[in-house]
Amino acid sequence: MSDERLQRVLSCLSPVARQLDVLPSGRTAPDTPYVKLDTNENPFALPAIVMQGALNALERQYLYPENDNISLRDAAASAYGVTTDHVIAGNGSSELLGLIYRAFLAPGDRVAMVSPGFSFNRKLAMLQAADFVEVALTDRHSLPIEQLLSSPAADTKFILVANPNNPTGLFVPVADIERLVAQSDRLIVLDEAYVDFAPDNGLRLLNRYSNLLVLRTFSKSYAAAGIRVGFGFGHPELIGRLRNIQNVFNMNVIGQAVGISILAHRAAYEDNHRHIRHERQRVTAELSQLGFSVTPSHANFVLARVPEGQDGRWWQAALEKRKILVAFFPDRGLENCIRVSIGTKSQMDAFLVAASDISTRLETRHC
Ligand code: PMP
């Protein structure tokens, strides 16, 4: 296509599409030689029985997957104590977040999120030409309920709360979530991507409140990020509308089979979750020794503020030189932080050795 023709094509795109950055190709970040601690995966193999379910599903590769994910939704409904009409299944919870934005927001509408939060939401709001209101979490232990109940958050179509939150890892009591849901006449989207690493969850609130949608994913606590399995739970009036705009055959046969099998074998993950909590504590303690200030986390990652006078992006690059990938966020207030996913013991050993080495070199340079 000539450049002139391309310019004409681009100038006809919607204003939202014109605002989008053109992404450079992603870098490949395979497990090796990198220690990949930047996207909060769970680095363990699927339990053997779940793996067998995936292999069996491959034998049905010539068929379309089951319509409307009905068996998977049935299985999730009985595992979590709701009806099938209360459940939607997706290719990860990010597909479901996308549906919520598309179904419930029109251009010019507002949506609110407790901030700092999962930044993908900002892009989803932008794609709907919606206003994105961020309500700062000022107290580590409780939700800013008054602010979420007053303008501008109160003038939104829905309010997003992730508990535990990403990228902080902070967990607020479910009683706080309940106060917000009970007092608000807005839809509250409670994103529980990391909740299996936390002491409590908000699913029981669904029995009492119809203005709540709860999102879950099997990417973090069930080691299935590459398979893409997520769920939304809520009133059938909301869930039915979301299912209505979902692609037919949105999931594949492997995702459906693995989802069902994980639901049947959740107990097989107890050691996995115990390991993550244990390593989270070890990494928190050792990073604190190195002068980092670590936010108390209830997720499978920690947010660590680098020592006084140092810079988060610099630390990310220094670790990457040592083949350790961690996340950095340029957002205000997070410039001096890195987020480190909790991996295997040997991955965390490698990270801690690298962090300690970088600290020592920095100290000797300053002497
Ligand atoms: N919500 C939160 C808070 C997340 O951190 C993530 C992944 N980083 C997701 C949702 C989406 O996860 P997935 O699409 O893998 O289910």
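Start by selecting Glu192 and Gly202: the Glu192 side chain reaches the backbone nitrogen of Gly202 at 2.7 Å. You are looking at a predicted model, in which local features need pLDDT of at least 70 and side-chain atom pairs count only at pLDDT 80 or more, while totals for chains, interfaces and linings use all residues. Residues are numbered from 1 along each chain as its sequence is written, and side-chain values use heavy atoms, with hydrogens and water left out.

Stay with Glu192 and show the loop between strand 6 (187-191) and strand 7 (212-217), where Glu192 lies. Helices (H or I, at least four residues) and strands (E, at least two) are DSSP runs, numbered from the N terminus. Glu192 counts as buried because its relative accessibility is 2%; buried means under 20% relative accessible area, exposed over 50%, and partly exposed in between (1.4 Å probe, protein chains only). Leaving aside neighbours within four places in sequence, the residues in contact with Glu192 include Asn163, Leu203 and Arg216, contact being heavy atoms within 4.5 Å.

Next, colour by domain: domain 1 is 27-45 + 269-366 and domain 2 is 48-264, with bounds from an automatic or database domain assignment. Their C-alpha centres lie 26 Å apart, and the contact takes 22 residues from domain 1 and 23 residues from domain 2.

Now zoom in on that interface. The two domains bury about 1,900 Å² between them, 58% of it on carbon and sulfur atoms; buried area is the accessible area (1.4 Å probe) that two parts lose on being put together, summed over both. Pick Tyr269, His273 and His298, which supply 30% of the area that domain 1 buries against domain 2, more than any other three residues.

Not counting residues up to four places away in sequence, Ile262 touches Leu46, Val50, Phe218, Tyr222, Ala224 and Tyr269.

Finally, show the largest nonpolar core, with 51 residues, where Ile262, Phe218 and Leu143 are among those with the most contacts inside it. Such a core is a set of buried Ala, Val, Leu, Ile, Met, Phe, Trp, Tyr and Cys residues joined through side-chain atoms within 4.5 Å. A second, separate core of 30 residues includes Leu37, Ala193, Val283 and Val306.

Conventions
Polar contact = N/O pair within 3.5 Å; in protein donor to acceptor, adjacent residues only side chain to side chain.
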